[in-house]
Amino acid sequence: MSIDTIAVLRRADAPIHPAPESFVRKYLFSIDHKVIGIQYFIAAGLMVLLSGLFAEAIRIQLTSPHNTFLTPQQFNEAFTFHGTLMVWFGAIPIVTGAFGNCVMPLQIGARDVAFPWLNMVSFWTAPPAMLILLSSLAFGAPDAGWTEYPPVSLQAGVGIVFWTVAIFTIGIGATLTGLNFLTTVVKMRAPGMTFTRMPLFVWATAVTSVLSLVATTALASALGSLFLSHVFNIPFYDPSRGGTVVLFQHMFWFYSHPAVYIMILPVFGIVSEIIPTFARKPIFGYKLIAYSTVSIALLSFMVWAHHMFTSGLGVWVTLPFMILTMLIGVPTGIKIFSWVATLFGANMRLTTPMLFVLGFLSTFTLGGITGIMLAAVPVDWHEHATYFLVAHIHYVLFGGTLMGVFAGIYYWWPKFTGRMMSEKLGKLHFWLTFIFFNTTFLPMHFVGLLGMPRRVAYYDPAYHSINLFISINAFILGAVTLLLLVNMFWSLKKGPAAGPNPWGARTLEWMISSPPPYYNFKEIPEVYSGPYGYGEPLPYSAPYNQVSVTPSY
Amino acid sequence: MAAHSEALAHGHGVMTQEEYAEQRDLRFLGFLLFLFTDSIFFTSYIFAALYLRSAAPVWPPPGVERPDVNLGALNAIILFGSGVTAHYAMHRLKESRFNGYIWFTIATIILGSLFLLGQGYEYSSLYHHGVTWSGTTFGASFFTLTGLHGFHVFVGVIYLIVTLAQTLAGVYSPSRHFGLTAATLYWHFVDVIWVVLFFLFYIY
């Protein structure tokens, strides 16, 4: 090796930070992407559990038509916190911050993200934001739902100010994460990894990053104007001074519709990784899946007003939004059919991650179909703000995002802990989740069609028995989630060693030891082909092509 | 490098280790993405202003005086002038002419501060005429957007002062000056935003 080559290699090493020594730099203010990913996972996981408790409080209230468990005011606060915590503090940090940080740099053969220090800052916007949000409970909590439409939100107490500040703060972190990830994917892929050789999870993360960069900033402006309206009495949303409340809905949904895809696109990526691994086949339609991700992202900026069909928009506004919304079904359908085509004729291995993916496919498709129904303006006029909407969103966010997150946890857990999880407990977790998810949320379609409005603490006694049934199933569904925690603790204490590649997968993260070493890759691997060529030799330079790809389960 | 020739044998699009090392100056792309996301922030408020305008029967609302276009134009000229000096400052540094760099940067800082002073004068005269932040939607969108822009100019002035101090301390050289490139880019970005705001509030 010539002296020049050595100098260049050293420069390739230059952005890599030395391994930390102290406890604080190692576990608290770490700049290592793997540690930050796990930090995101723990913080956001706690928020999901907390949000689940709010959901159970809602369901306790709804066990009888005129329950006194919560006052109507507390009920409003409960569903506001349930939604806010799930969307901004649970789902988005888990699918971007946790999975993106842990998996994406490993899959592209990088030693860290582009800006490790910025990555640390991104994570540390989250805990203060969580504290600010939760402290609003003591100062007149926000109670107008997670969307906080004015004028209702402007009539509330100072809690709404906390709410805007909290989401603005965590939004800064989300934007910086998007900036960081996009730079990483564009600039730091291993030599030879062209865009069409990237694993599909990397595609999903890159596209999600673009969504974060555009949409989260737009949300920040909506939050900023709500903040200004509350604190400085700005007339943006005050009709008596020429403002209009519909403006907030436009600003809010221009963000929040893409946010839906921020929550689901990385999960599509997770599913695209797991399906070929356990179908033991190359994925069907790699490029179609990749490009449909891009087209979903583009379309997501053109459909926001479908959340506002009942806000009094003109027909000439609602009609194009209806058509564009239905159009999103095309790229999403391309993905679903590609996954099903991959499974077609495959010698499938029904491990826990695979089971969750199959569960995802069925429940998410149902949620997608009700989504198309709601996209039709006449249907939406009828079903908007009923439990039908609640059922739809839980089919795509619980049945879609959360099922995919569970699948991802079971899939990558051995990589990051070096230990296997219990398959028996995992399968039990899957089947109970799948059954009680459907018994909880399927009946909501029916009460919604019957006309039960969402976000109301009391309801018509005619719906009593069905609501009691939903509540009982919701309690079981909540309790079942604890099985995952039990499995995690069991695995950390007693789980068998995983080895580098327990599932026999072919992406780069499985070519190194579990858990990965601090620098991930001692030398940067070179990539000669796409990752899903089952049956072919591994397309990586030595020493990253030595791992056995025979499943060891 | 055997691995590399093997890679070539496998197909196209393979980077060498050298190319890989070369492309790792990431900060430029990162900073462009930052400016992009910042521009979305402005865009969102610009669309809000246009929406409020379309919702109003007359614009500006009755009893509201538009800000003085002459003062606005003077301020715009000052800001664009600072863009020119910022551009030349960067060039002088690349040509290793440090004195030129220092004087052009000082000129940029002074022009930027003049812009802020002009904006402060404009704000106070508008308030005297009863155009306030919380009074009408015109005042709300004008003060929100120009205030956000003014805040960006203020940050830019600080940023330029910091980079000037860094250059005097020998942090940057004609070949290594990413911090300066970023400051200059940011300054041009703020200029461009002002073009849009000027049309939105003074002319359109």
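Among contacts in chain A between residues at least 6 apart in sequence, 82% link residues at least 24 apart. Keep in mind that this is a predicted model. Chain A is built from 18 helices and 0 strands. For its 553 residues, a compact globule would have a radius of gyration near 24 Å, and chain A comes in at 23 Å, so the two agree. The C-alpha trace stretches over about 75 × 50 × 50 Å along its principal axes, and 56% of the residues in chain A are buried.

**The core and H10**

Now for the inside. The largest nonpolar core has 213 residues, and the members that touch the most others are A:Val271, A:Val357 and A:Ala407. Helix H10 of chain A, residues 245–279, gives this core its largest share, 22 residues. Take A:Ala407 as a way in: setting aside neighbours within four places in sequence, its contacts are A:Ile270, A:Val271, A:Ile274, A:Pro353, A:Phe356, A:Val357 and A:Phe360.

H10(A) itself is worth a look. Of its 35 residues, 33 are buried, so the rest of the structure largely encloses this helix. Just past the end of H10(A), A:Arg280 has a positive phi of about 55 degrees.

A:Phe252 also sits in helix H10 of chain A. It has 25 C-beta neighbours inside 10 Å, and 20 or more is what it takes, so A:Phe252 counts as buried. Not counting residues up to four places away in sequence, A:Phe252 touches A:Thr147 and A:Ala222. A:Glu148 is 104 residues from A:Phe252 in sequence, yet their C-alpha atoms are 9.3 Å apart.

**H13, a one-sided helix**

Helix H13 of chain A (residues 329–343) has 15 residues and reaches 21 Å from first C-alpha to last, close to the 21 Å expected at 1.5 Å a residue. Which of its residues are buried? They are A:Thr332, A:Lys335, A:Ser338, A:Trp339 and A:Thr342. These residues cover an arc of only 120 degrees around the axis, so they sit on the same side of H13(A). They pack against H10, helix H11 (286–300) and helix H14 (352–375) of chain A. Just after H13(A) comes A:Gly345, with a positive phi of about 70 degrees.

| Site | Feature | Value |
|---|---|---|
| A:Ser514 to A:Pro515 | cis peptide bond | omega about -15 degrees |
| A:Ala542 to A:Pro543 | cis peptide bond | omega near 5 degrees |
| A:Asn233 | positive phi, not glycine | phi near 60 degrees |
| B:Ser96 | positive phi, not glycine | phi about 65 degrees |

To find them in the viewer, start with the prolines: A:Pro515 is in the segment after helix H18 (464–494) of chain A, and A:Pro543 lies in the segment after H18 of chain A too. A:Asn233 belongs to the loop between helix H9 (200–232) and H10 of chain A. With 14 other C-beta atoms within 10 Å, A:Asn233 is partly exposed. B:Ser96 takes us to chain B, where it lies in the loop between helix H4 (69–94) and helix H5 (98–128). Is B:Ser96 buried or exposed? It has 11 other C-beta atoms within 10 Å, so B:Ser96 is exposed.

How values were computed: Residues are numbered from 1 along each chain as its sequence is written. Chains are lettered from A and ligands numbered from 1 in the order in which they are written. This is a predicted model: local features need pLDDT of at least 70, side-chain atom pairs count only at pLDDT 80 or more; totals for chains, interfaces and linings use all residues. A nonpolar core is a set of buried Ala, Val, Leu, Ile, Met, Phe, Trp, Tyr and Cys residues joined through C-beta atoms within 7 Å. A residue is buried if 20 or more other C-beta atoms lie within 10 Å of its own, exposed if 12 or fewer, and partly exposed in between; C-beta atoms are placed from the backbone. Helices (H or I, at least four residues) and strands (E, at least two) are DSSP runs, numbered from the N terminus. Two residues are in contact if their C-beta atoms, placed from the backbone, lie within 7 Å. The expected span of a helix is 1.5 Å times one less than its number of residues. The arc is that of the directions from the helix axis to the C-beta atoms. The radius of gyration is taken over C-alpha atoms; the globule rule is 2.2 Å times the number of residues to the power 0.38.
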